[in-house]
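Dear colleague,

I am handing over the structure below, together with an account of what was found in it. Please read the notes with the coordinates open beside you.

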Amino acid sequence: MNFEREGFSLVEIIITIAIMAILVGVIALAVIPNIQRSRESTDLTKLDNIASSVNIAIANHQIENDGQFTVGTTTSLSGDSKTVYDAVTSELGDLSQIEMGSSAAQGGTIKVEWKIENKGAAQISVTVEKDSKVLACKYTTGDPSDSDGNRLLKAGN
């Protein structure tokens, strides 16, 4: 009797599937932390865009008073806060549609504050808050010579 072997045996297929499952597990462990860091980076970029837009609005509209607004609760805005909010939304679109992607900042409320300093420079703080805790923050100052003006606090730090 001469048996010619064609194809793979069941044991060979099971071993191949097991090796592939192990490889997928190892790759997933390496990729998942990078996904979270990417989401945090994206959130911080969104906050940076808001801070930049606020800074531009303050300069363009010659805002001289401190102000603030909270995204989603802007119906009672007036004066400079409304001017800045309207300018920012005209540049970035509806701010209430901005969603935080990182697990730490999801469901948080975006709060924007600015303080006008001498010579028209502005300190701008854009934070994501939830349950009275700051989850993420972008802080900037209008003074380009201030080397400590840009500070990013990643969510969870």
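The model is a predicted one, in which local features need pLDDT of at least 70 and side-chain atom pairs count only at pLDDT 80 or more, while totals for chains, interfaces and linings use all residues. Residues are numbered from 1 along each chain as its sequence is written, and side-chain values use heavy atoms, with hydrogens and water left out.

Of the 157 residues of the protein chain, 29% count as buried; buried here means under 20% relative accessible area, exposed means over 50%, and partly exposed lies in between (1.4 Å probe, protein chains only). Taking contact to mean heavy atoms within 4.5 Å, residues 24 or more positions apart account for 52% of the chain's contacts with a separation of 6 or more.

The largest nonpolar core has 27 residues, and Val54, Phe69, Val84 and Trp114 are those that touch the most other members; such a core is a set of buried Ala, Val, Leu, Ile, Met, Phe, Trp, Tyr and Cys residues joined through side-chain atoms within 4.5 Å. At least two residues of this core come from each of helix 1, helix 2 (79-92), strand 2 (109-116), strand 3 (122-130) and strand 4 (133-141), and helix 1 supplies the largest share, with seven residues.

Helix 1 (residues 10-60) also contains serine 53, which counts as buried because its relative accessibility is 2%. Apart from neighbours within four places in sequence, serine 53 is in contact with Val88, Glu91 and Leu92. Alanine 59 has its place in helix 1 too, but this residue counts as exposed, because its relative accessibility is 52%. The C-alpha atoms of alanine 59 and alanine 121 are 8.7 Å apart, although 62 residues separate the two along the chain.

In helix 2 the buried residues are Ser81, Val84, Tyr85, Ala87, Val88 and Thr89, and what covers them includes helix 1, strand 1 (67-70) and strand 2. The 14 residues of helix 2 should span 20 Å at 1.5 Å a residue, and the end C-alpha atoms are 20 Å apart, which agrees; the expected span is 1.5 Å times one less than the number of residues. Just after helix 2, glycine 93 takes a positive phi of about 90 degrees.

The count of salt bridges comes to one, a salt bridge being a side-chain nitrogen of Lys or Arg within 4 Å of a carboxyl oxygen of Asp or Glu. The side chains that meet in it are those of lysine 82 and aspartate 86, at 3.2 Å from N to O. Because they are four residues apart in helix 2, lysine 82 and aspartate 86 are separated by about one helical turn. Lysine 82 is partly exposed, with a relative accessible area of 39%, and aspartate 86 is partly exposed as well, at 35%.

Strand 1 pairs with strand 2 in the antiparallel sense over four bridges, pairing being called if DSSP finds at least two bridges between two strands. Within strand 2, it is valine 112 that stands opposite phenylalanine 69.

With kind regards
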